[in-house]
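Here is a short briefing on one protein chain. Keep the model in view as you read, and find each residue as it comes up.

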Amino acid sequence: MALIPTADRQSYPFQVHRFPQDHYIDALRWLPQISAFHRHIVLATFDSDNSTSSLQTLAFTPNSNSNINSGSPPKLTHHASQLIQSRITSLKTLLTPQSSKPLIAASTFSGSLLFLTTDLLNGSLDCEFSVPEKGFHSGSISGIDLSENGRECVSVGKDGKINLVSIGSGERGNSKTVFDSNGLVSYTTVKWASPVEFVTGGLGFTLHWWDQRRPGGPVSQFKPNWTSGTTSGLVHSVDIHPSRKHTCLAGGSAGTVFAWDLRWQQQPIILFGAETDAQDHSLSESEVWEVQYDSHTRSSSIHNYSSSQILPAMICSEDGILAVIEQNEDSIELLAEPCAINNFDIDRQNPTDVICSLEWESIAILTRS
């Protein structure tokens, strides 16, 4: 694979605007739209001077000029905020069928899990309920995900616990432990694949597939053989495409990005990685903090891909790279920052727009044509 640098925008035009912030950004996500006229972002911030954390919502007003080369920036305005007792480790958003207010789930370093709703019209951010840290996770929660049906939130931690929290109206706030390794296994990230299935990632680039219909442990697991046991790399992020639920995309240490297809479980598809024989090591050799499938592609249609081909994805890394990668295609470098890009989010309702948080207390908003 070759790398198309940021400067080459003729075949992939986009525009980038940066917005300095007052505090460090631990996480950020797009909020689901309730109308075509209201778009918002939620930030998890940390004030190192006062050691305080907060959740903030920002109103996003896109460039009114349809010409991407006009140079006119979008606008971000403060909408609402809420102080949080512990620093936030993971952030997810969802518009549930039961409510017109977007749901925000936030996990913390102390091991608690918070659920908030935001009124995008009146500018409020309200805590609905929380799961306290005592007896839930021992220490920090490393990853969470909300089910698409809005009924459950799954959480994983370095303590080896996998927990489920009910967020439906009937059993709201109830939690149960699905699995507890008693610290023998450490989990770093999790993603729902269906209402009853999810995948977890952890130490050694391992992936576990779980099915609630078959309790007691993972129903499938992937342990890589490309490292010959010489690395203790981590999976930092996983994603599953809604139309290809048999394939899991993973990103982690040493610039490693790979896919795990349940149909061929011991044959990972290596996209990038300094520890592998992948052809291109120039994209990133540092930690890949996040991976997401990218529905906005040059090919524009999922039907252009065979069932065995990995769909286009976006990654961000510790060495400041935001890029789109495609199997057997040139990768496209969207950003090359002088600091880490810690996380990003593609707007599911407007996939031309991408937000990302920079190590140097800024937000970058990227708009593609």
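The protein chain has zero helices and 29 strands. This is a predicted model. Of its 369 residues, 57% count as buried.

**Overall picture**

- The accessible surface of the protein chain comes to about 15900 Å². Carbon and sulfur atoms hold 46% of that surface.
- Take the contacts in the protein chain with a separation of 6 or more: residues 24 or more positions apart account for 52% of them.

**Aromatic rings**

- The count comes to 10 aromatic pairs.
- One of them joins Phe 115 and Phe 129: the ring centres are 4.5 Å apart and the planes meet at 20°, so this pair is stacked.
- Phe 115 sits in strand S9 (residues 113-119) and Phe 129 in strand S10 (residues 124-131), so the pair ties together parts that are 14 residues apart in sequence. Both Phe 115 and Phe 129 are buried.
- Tyr 187 and Trp 210 make an edge-to-face pair, because their planes are at 75° and their ring centres 6.2 Å apart.
- This second pair links distant parts of the chain, with Tyr 187 in strand S15 (residues 187-194) and Trp 210 in strand S17 (residues 207-211), 23 residues apart. Tyr 187 and Trp 210 are both buried.
- Tyr 187 and Trp 210 also belong to one aromatic cluster, together with Phe 179, Trp 192 and Phe 198.
- A charge meets a ring elsewhere: Arg 87 lies over the face of Phe 46, at 4.0 Å from the ring centre.

**Salt bridges**

- The whole structure holds 11 salt bridges.
- Arg 39 and Asp 347 meet through their side chains, at 2.7 Å from N to O. The pair links distant parts of the chain: Arg 39 is in strand S4 (residues 38-47), Asp 347 is in the loop between strand S27 (341-346) and strand S28 (353-358), and they are 308 residues apart.
- Arg 39 counts as buried at 8% relative accessibility. Asp 347 is buried too, at 3%.
- Arg 172 forms a salt bridge with Glu 128, with the closest N and O atoms 3.3 Å apart. Arg 172 lies in the loop between strand S13 (161-166) and strand S14 (175-180), while Glu 128 lies in strand S10, 44 residues apart.
- Glu 148 pairs with Arg 348, the closest N and O atoms being 3.2 Å apart. Glu 148 is in the loop between strand S11 (141-146) and strand S12 (152-157) and Arg 348 in the loop between S27 and S28, so the pair ties together parts that are 200 residues apart in sequence.
- Glu 148 is exposed at 53%, and Arg 348 is exposed at 66%.
- Salt bridges that share partners join Arg 39, Asp 347 and Asp 353 into one network.

**Backbone and surface**

- Most residues other than glycine have a negative phi.
- Phe 205 has a positive phi of about 60° although it is not a glycine. Phe 205 lies in the loop between strand S16 (197-202) and S17, and it counts as buried at 1% relative accessibility.
- Ala 254 also has a positive phi, near 60°. Ala 254 is in the loop between strand S20 (244-252) and strand S21 (257-261), and it is buried at 16%.
- Ile 34, Leu 95 and Leu 121 form a nonpolar patch on the surface, with about 250 Å² of accessible area together. Ile 34 belongs to strand S3 (residues 24-35) and is partly exposed at 34% relative accessibility.

Note on methods. Residues are numbered from 1 along each chain as its sequence is written. This is a predicted model: local features need pLDDT of at least 70, side-chain atom pairs count only at pLDDT 80 or more; totals for chains, interfaces and linings use all residues. Side-chain values use heavy atoms; hydrogens and water are left out. Rings of Phe, Tyr and Trp (its six-membered ring) pair if their centres lie within 6.5 Å; planes under 30 degrees apart count as stacked, over 60 as edge-to-face and the rest as tilted. Helices (H or I, at least four residues) and strands (E, at least two) are DSSP runs, numbered from the N terminus. Buried means under 20% relative accessible area, exposed over 50%, partly exposed in between (1.4 Å probe, protein chains only). A charge sits over a ring if NZ of Lys or CZ of Arg is within 6 Å of the ring centre and within 35 degrees of the ring normal. Patches are made of residues with over 30% relative accessible area and no salt bridge: like charges are joined within 9 Å, nonpolar side chains (Val, Leu, Ile, Met, Phe, Trp, Tyr) within 5 Å. Accessible areas come from the Shrake-Rupley method with a 1.4 Å probe; for residues, only the protein chains shown count as cover. A salt bridge is a side-chain nitrogen of Lys or Arg within 4 Å of a carboxyl oxygen of Asp or Glu. Contact means heavy atoms within 4.5 Å.
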